[in-house]
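This short report looks at a pocket, the nonpolar cores and the model confidence. Keep the structure open while reading.

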Amino acid sequence: MAVNIRKAVIAFLVPLPSILFYLSFLGQFRDHPSITAAGDGNSLSPLWIWCYQHPLLLANALFFLNVNLIFWIIGLLQSSHWMIDLYWTVIPLLLVHFFATHPLAECNLLRSRLVIFLTLIWSIRLTHNYFRRENWQWGAREDWRFTDMQRQYGKNWWWVSFFAVYLSQQVFLMGICMPLYVVHSKNKLFDIWDVVASLICLAGIIIAYYADTQLHTFVSRNNELKRLGQPMVLILDKGLWQYSRHPNYFGEQLWWWGLFIFAWNLDFGWSFIGALINSMCLAYVTVLVERRMLELEYRADAYRQYQKTTSVWIPWFKTTYSGGKDKKI
């Protein structure tokens, strides 16, 4: 309990440097409302003027200093880089509020409020799933991919982790969150495409929630069966998992592509790069996850059959299942 409380306190305190700095910047701007993008406001320091003129660079600078450096140092001290996994669910929410409140923000108020609301729901869903998966513990374990990389790089992991765990996450997260910046950089009338984007985002959240809930129920049931010494169910192929081997990944992709439609409708079509990279990363993760499943000898045959009959991502009707649907060990 003491360890859990200590980690919770660390998690709450660690983003404070960025939050306090940004609030201080907003306070300076409120005290000098005459400042413009040209740099007027003679009583302001060059630092505050730069923060005013470069919102996207400021967001990246805060990410680098607070997440990359501070999270990395704390991760080294704890011998676990668990915090980036937890904050993956929070950083987009922090970013959308940053972009919405920056003095240079320009947006349609309805679109802005809608995107903020959707991001909040997405964050709550993912954060809830994180704690449910970790039995409501803070930092009980780090991402298994980081653990595998630590074994791979050995004594060099202390410095490799800065690039592999943190700097790469900055490039990735700032890329996929670019639509959140775009929404708050252009004022255009709310139209049907905003409705389409909202429905796609909402569908992604709902699909991911139900898929993760079904997976959690499956894992919990198997853990209980194992504890009782009874045969475990080999494959989850009920509910959404009957139509897709990774419906949770499909839902997550819908969310990010829905955000892209918001940006595309504002004439920032190039922001598709973030959603595309996310899909490519999930494709790679899918390969790793399925490889791990096949390495488990007791369920390898059943999973191979599951692969042959069930779509990878996009839900589709199952082909003929040739046995083993309720196969147990």
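## Pocket lining

By class, the second largest pocket is lined by 15 nonpolar and four polar residues, with no charged residues. This is a predicted model. The volume of the second largest pocket is about 430 Å³. Its lining comprises 19 residues, and Ser-18, Ile-19, Leu-94, Leu-95 and Phe-98 lie closest to the pocket centre.

Which helices each supply at least two residues of this lining? They are α2 (16–31), α4 (55–78) and α6 (91–101).

## Nonpolar cores

In soluble globular proteins, nonpolar side chains tend to be buried together. Here, the largest nonpolar core holds 63 residues. Within this core, Trp-255, Trp-256, Leu-259 and Phe-262 touch the most other members. Helix α9 (residues 157–176) is the top contributor to the core, giving nine residues.

Take Leu-259 as an example. Leaving aside residues up to four places away in sequence, Leu-259 touches Val-115, Pro-179, Leu-180 and Cys-201. There is also a second, separate core of 13 residues. Among its members are Ala-211, Phe-218, Leu-234 and Ala-302.

## Confidence

The chain has an average pLDDT of 91. A score of at least 70 is reached by 93% of the residues.

How values were computed
Residues numbered from 1 in each chain as written. Predicted model: local features only at pLDDT ≥ 70, side-chain atom pairs only at ≥ 80, totals over all residues. Heavy atoms only, no water. 1 Å grid on protein atoms, 1.4 Å probe; cavity = no way out; pocket = protein on both sides within 12 Å on 5 of 7 lines; lining within 4 Å. Points joined across faces, edges and corners; volume = space filled by probe spheres on them. Helix = DSSP H or I, 4+ residues; strand = E, 2+ residues; numbered from the N terminus. Nonpolar A, V, L, I, M, F, W, Y, C, P; charged D, E, K, R; others polar. Core = buried A, V, L, I, M, F, W, Y, C linked by side-chain atoms within 4.5 Å. Buried < 20%, exposed > 50% of the residue type's maximum accessible area, 1.4 Å probe, protein only. Contact = heavy atoms within 4.5 Å. pLDDT = per-residue confidence, 0-100.
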